[in-house]
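Biologist: I am new to this protein and would like a guided look at it. Could you take me through some helix packing, then the pocket and a few backbone details?

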Amino acid sequence: MLVRFLLILAIAAACFETWRPAEVAAQSEVTEEQLEAVSVGRMVAIGSPNGGRITRIPLEVYVARVLAGEGEPNAPDAARQALAVAIRTYTLVQMGRHRREGFDLCDTVHCQVLRAANDNSRRAALATAHRVLTVNGAPAEVFYSASCGGRSEGAAQVWPGANFPYMQVVRDDDVHEEDVPWTLELTLDELRSALSRAGFGGGPLRSIEIDGVNQSSRVERLRVPGMRPNEISGPAFRDALGTTRVRSTAFTLSRQGKVVRFTGRGYGHGVGMCVIGAGRRARRGESLEAILTQYYPNLRLTDLATASVSPKPVPPPPIAVSASGVVVSVPRDSKVSARELERMTVNARESLTRTLGTPAVPVTVELHDTLDQFRLEVRRPWWVSAAVTGSTIDLAPAALLAQREGVEATVRTAMAELLMSATLADRPTWVRVGGARYFASASRPETPSSNVSCPADAELTLALSAVAQREAESRAVKCFARALAKTGDWKAVGSRQ
């Protein structure tokens, strides 16, 4: 069996040196064995966010399966090949995205959707094998969406804090002239219900207005008078209503009585390659290279043999301290050492468990090297300093924390949230956020007056700016202090009983 595999590998490697896309198209059906051979040992571990079996797939087999799931079924070869390059590039950069769950990438829209590969998708993967988009010699973090509707979107408009200067807004009007706009009609009550499910307070919703558009003419912000908060970002609004209903943020709205009509273009977040647009460009004769240049004008098409496949700094193996039950991970050349971070974490846990009366649970702390790395892990805006998920604390870069409240203070606040989260899981967000900041602070706030309003969940989870976030957090602390003064027990704050 080993001899047979090595023979296949040698033949495939020799053929790959001389094959071109046109020659691949002329061959008989492409097999997964051929794709495995040209993957030269690169594997992708695929799992599900809901658990289940983890499958290891050769890289090029994975590209073919994702292409079958994400691509346009009847697209010409050049469009398939362009998307195959984008999929491969995305995959290499995102490897390890689910490392804490034991695999690299999931099989849902959170990462990339897989389907059974077909001959067309396998052919496109083979024709472009080893080719990726690079910036400064390394695979670039790239994206793609179903249809940009005539103009692509900037990454930072969808993911606040994303810093990809090489991905700019690109005009694509010339292949979207015949697009039929999508429409959606909803009542103000239906909109209020959707916003309430997303964590908004207040109501009734009195009106809805577009309060700003960005460079790509997509909705940046909407005003929702009567709700708390009374504004929401375009992407968050789309998520709240459902991304299959509000197909993109490239929409206008009009109102007649209590009915609001949305009219829009495109489908998806719009960042990077437009799958529909790429297909139309290929049909009019544009090549793989021309299509990639259209959507990724600042990136280079490079063979993996000459590209670095570690585009982001990888933290060293974590230092485990078994006696304390703490595991920490810091970047190379970090100004905060693993031992220092472990000491901060243990001290915070010991102090807070005494104050809160909770057990000393195991904790994992990861200090990220870059803001982009932190943002990718926690999917929160740039102004967030730490994120708590189960027994794990993710920290923004140390240099950034030094400009804010400091590493030690951030660890203490995150530790308080971690220790309280299980008890407060069914409470409003302000209870958990306010409680963590209350007990982590060296100076506890005085009991505030009764007219301080507690922030709605969305004020803390969907704030549009650092200022709005801090203001909501300040009110959360005051509300917690007021409630604690009444109950005398933090475990009872916010309880409906």
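**Helix packing, pocket and backbone**

Modeller: Helix H5 (residues 77–94) packs against helix H11 (residues 288–295) at an angle of about 55 degrees, and their axes lie 8 Å apart. Because of that angle, H5 is oblique to H11. Please keep in mind that this is a predicted model.

Biologist: Which hand does the crossing of H5 and H11 have?

Modeller: The crossing of H5 and H11 is right-handed.

Biologist: And which residues of H5 and H11 meet there?

Modeller: From H5, the residues are Ala78, Ala79, Gln81, Ala82 and Val85, and they meet Leu288, Ile291 and Leu292 of H11. By class, this contact of H5 with H11 has 7 nonpolar residues, 1 polar residue and no charged ones.

Biologist: What about H4 and H5, at what angle do they cross?

Modeller: Helix H4 (residues 59–70) and H5 cross at roughly 120 degrees, and their axes come within 9 Å. H4 is therefore oblique to H5. The crossing of H4 and H5 is right-handed.

Biologist: Which residues do H4 and H5 bring together?

Modeller: H4 brings Leu59, Glu60, Tyr62, Val63, Val66, Leu67 and Glu70, which meet Arg80, Leu83, Ala84, Ile87, Arg88, Thr91 and Leu92 in H5. The contact of H4 with H5 divides into 9 nonpolar, 1 polar and 4 charged residues.

Biologist: Let us go to another pair. How far apart are the axes of H15 and H16?

Modeller: The axes of helix H15 (residues 407–421) and helix H16 (residues 429–440) are 8 Å apart, with a packing angle of about 125 degrees. That angle is why H15 counts as oblique to H16. H15 passes H16 in a right-handed crossing.

Biologist: Which residues make the contact of H15 and H16?

Modeller: On H15 they are Arg412, Thr413, Ala416, Glu417, Met420 and Ser421, and on H16 they are Arg432, Gly435, Ala436, Arg437, Phe439 and Ala440. This contact of H15 with H16 has 5 nonpolar, 3 polar and 4 charged residues.

Biologist: Now the pocket. What is the volume of the largest pocket?

Modeller: The volume of the largest pocket is about 1800 Å³. Its lining has 50 residues, and those nearest the centre are Val158, Trp159, Arg238, Asp239 and His269.

Biologist: Which elements give two or more residues to the lining of the largest pocket?

Modeller: They are strand E6 (144–145), helix H7 (155–158), strand E10 (219–223), helix H9 (234–241), helix H10 (275–283) and helix H13 (371–378). H9 gives the largest share of the lining, 4 residues.

Biologist: How does the lining of the largest pocket divide by class?

Modeller: The lining of the largest pocket has 25 nonpolar, 13 polar and 12 charged residues.

Biologist: One more topic, the backbone. Is the peptide bond from Gly203 to Pro204 cis or trans?

Modeller: The bond from Gly203 to Pro204 is cis, with omega near 0 degrees. Pro204 sits in the loop between strand E8 (201–202) and strand E9 (209–213). Arg228 and Pro229 are also joined by a cis peptide bond, where omega is about -5 degrees. Pro229 is in the loop between strand E11 (227–228) and strand E12 (231–233).

Biologist: And is phi of Asn136 positive or negative?

Modeller: Phi of Asn136 is positive, near 55 degrees, in a residue other than glycine. Asn136 is found in the loop between strand E4 (131–135) and strand E5 (138–139).

How values were computed
Residues are numbered from 1 along each chain as its sequence is written. This is a predicted model: local features need pLDDT of at least 70, side-chain atom pairs count only at pLDDT 80 or more; totals for chains, interfaces and linings use all residues. Side-chain values use heavy atoms; hydrogens and water are left out. Axes are lines fitted to C-alpha atoms, for helices over the stretch in contact, and angles run from 0 to 180 degrees between N-to-C directions. Angles under 35 degrees count as roughly parallel, over 145 as roughly antiparallel, 65 to 115 as roughly perpendicular and the rest as oblique. A crossing is left-handed if the near helix is turned anticlockwise from the far one by less than a right angle, and right-handed if clockwise. Contact means heavy atoms within 4.5 Å. Ala, Val, Leu, Ile, Met, Phe, Trp, Tyr, Cys and Pro count as nonpolar, Asp, Glu, Lys and Arg as charged, and the others, Gly among them, as polar. On a 1 Å grid over the protein atoms alone, a cavity is a set of points where a 1.4 Å probe fits but cannot get out, and a pocket is an open set with protein on both sides within 12 Å along at least five of seven lines; lining residues have an atom within 4 Å of a point. Grid points are joined across faces, edges and corners, and a volume is the space filled by probe spheres set on the points.
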